[in-house]
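Me: I'm new to this one. Can you walk me through the pockets?

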Amino acid sequence: MSGEGVKKVAVIAGDGIGPEVVESALAVLQAAGAELSLIPLEIGLCRWKRTGAALADEDLETIKECDCVLLGAITTPPDPDYQSVLLRLRKALDLYANIRPFRSCDLDFIIVRENTEGLYSGLEEVGVEESRTLRVITRRGSERIAEAACDLAASRQKLTIVHKSNVLRSDRLFLQTCREVAERRGVLYDDMLVDAAAYNLVVNPQRFDVLVTTNLFGDILSDEAAGVVGSLGLCASANVGASRALFEPIHGSAPDIAGKGIANPIGAIRSAAMMMEWLGEQETARRIEAAVQRVLANGVKTPDLGGRCGTAEVTRTVAGYLEEEGGSLSEE
Ligand code: ATP
């Protein structure tokens, strides 16, 4: 990592709409006056097509020398033996907590998803007649994700532990460990079966504050939550480990709209704001979020939200609210 001074950010624009939304996020950071040193890296399907490797070992080394990563979206290469690049990055950097805030005019809740184990353990046997995926739940993995969720819940209302322990015996360890951590931390908590949580997210989302859950449940509930607040394109995420972090919108590479100039950049812009907060620049993060809220309130919206604006117009408007104070970004 770069230590004191200007922070180094590895920028992975990636595939599909990734480059479009990352360009927006960088323009907004510039307008907000963020002082960052950007290290662009070509990782993803584009790189795989060119070189046969979507993510090289030297990329990982470069990333480890940076303070954090800003990522657009990556399409996993169409090779059945190729492990998801994002999964590899999350594991290599041990980014165990996936923090996904969901906001709209009347909703404000956070899904904290365990990011390294569960059904995404990568331990699979694939056969013609039978295939297996091993669901791994460990005490250490459950403890540290519960701690991350309690860090957030401590300054909010309540933690909800989401599980399926009535059927999955592995979830008993997850539930029990989360309960123990919440009790030790003095955090008010309850728990809910994942199917009930899926239902309640639609019919009564106001009841939620901070949710903590395992990898696959968190993945699915996040897309549902994005639908509840209006669009996948609005939502940001932080993948955080002990000393490293990667920030990305929760949407994928959306090949159906790539290159059309209509991708909603707000998820990427909010991811950049989360990055600034993690880098200790709370005021910059707050100003970016305020500008986003103002843009949405003024109806400057992309088609996924029922609007008629393009990516560029939304970006220009957010940047316009911020740019009086200017900024300085350098590219290495
Ligand atoms: P992945 O498996 O890579 O997470 P996914 O299968 O969840 O991806 P996405 O690429 O996220 O799929 O796209 C799902 C749908 O949401 C698509 O119809 C896509 O066009 C739409 N979508 C995703 N992101 C955005 C965005 N930023 N703006 C507008 N629409 C989006």
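Me: Where does the largest pocket lie, and why there?
Reply: Domain 1 (1-95 + 231-332) and domain 2 (105-229) both contribute residues to its lining, so the largest pocket lies between them. The domain bounds come from an automatic or database domain assignment. The model is predicted: local features need pLDDT of at least 70, side-chain atom pairs count only at pLDDT 80 or more, and totals for chains, interfaces and linings use all residues. Residues are numbered from 1 along each chain as its sequence is written, and side-chain values use heavy atoms, with hydrogens and water left out.

Me: What counts as a pocket?
Reply: On a 1 Å grid over the protein atoms alone, a pocket is an open set of points where a 1.4 Å probe fits, with protein on both sides within 12 Å along at least five of seven lines; lining residues have an atom within 4 Å of a point.

Me: Which residues lie nearest the centre of the largest pocket?
Reply: Ile99, Pro101, Leu152, Met274 and Glu277, out of 30 lining residues.

Me: And by class? How many nonpolar, polar and charged?
Reply: The lining of the largest pocket has 18 nonpolar, two polar and 10 charged residues. Ala, Val, Leu, Ile, Met, Phe, Trp, Tyr, Cys and Pro count as nonpolar, Asp, Glu, Lys and Arg as charged, and the others, Gly among them, as polar.

Me: Now the second largest pocket. Which residues lie nearest its centre?
Reply: Leu86, Arg90, Asp219, Ile250 and Gly252, with 21 residues in the lining. Each of domain 1 and domain 2 supplies at least three residues of that lining.

Me: What is its split by class?
Reply: The lining of the second largest pocket has 10 nonpolar, five polar and six charged residues.
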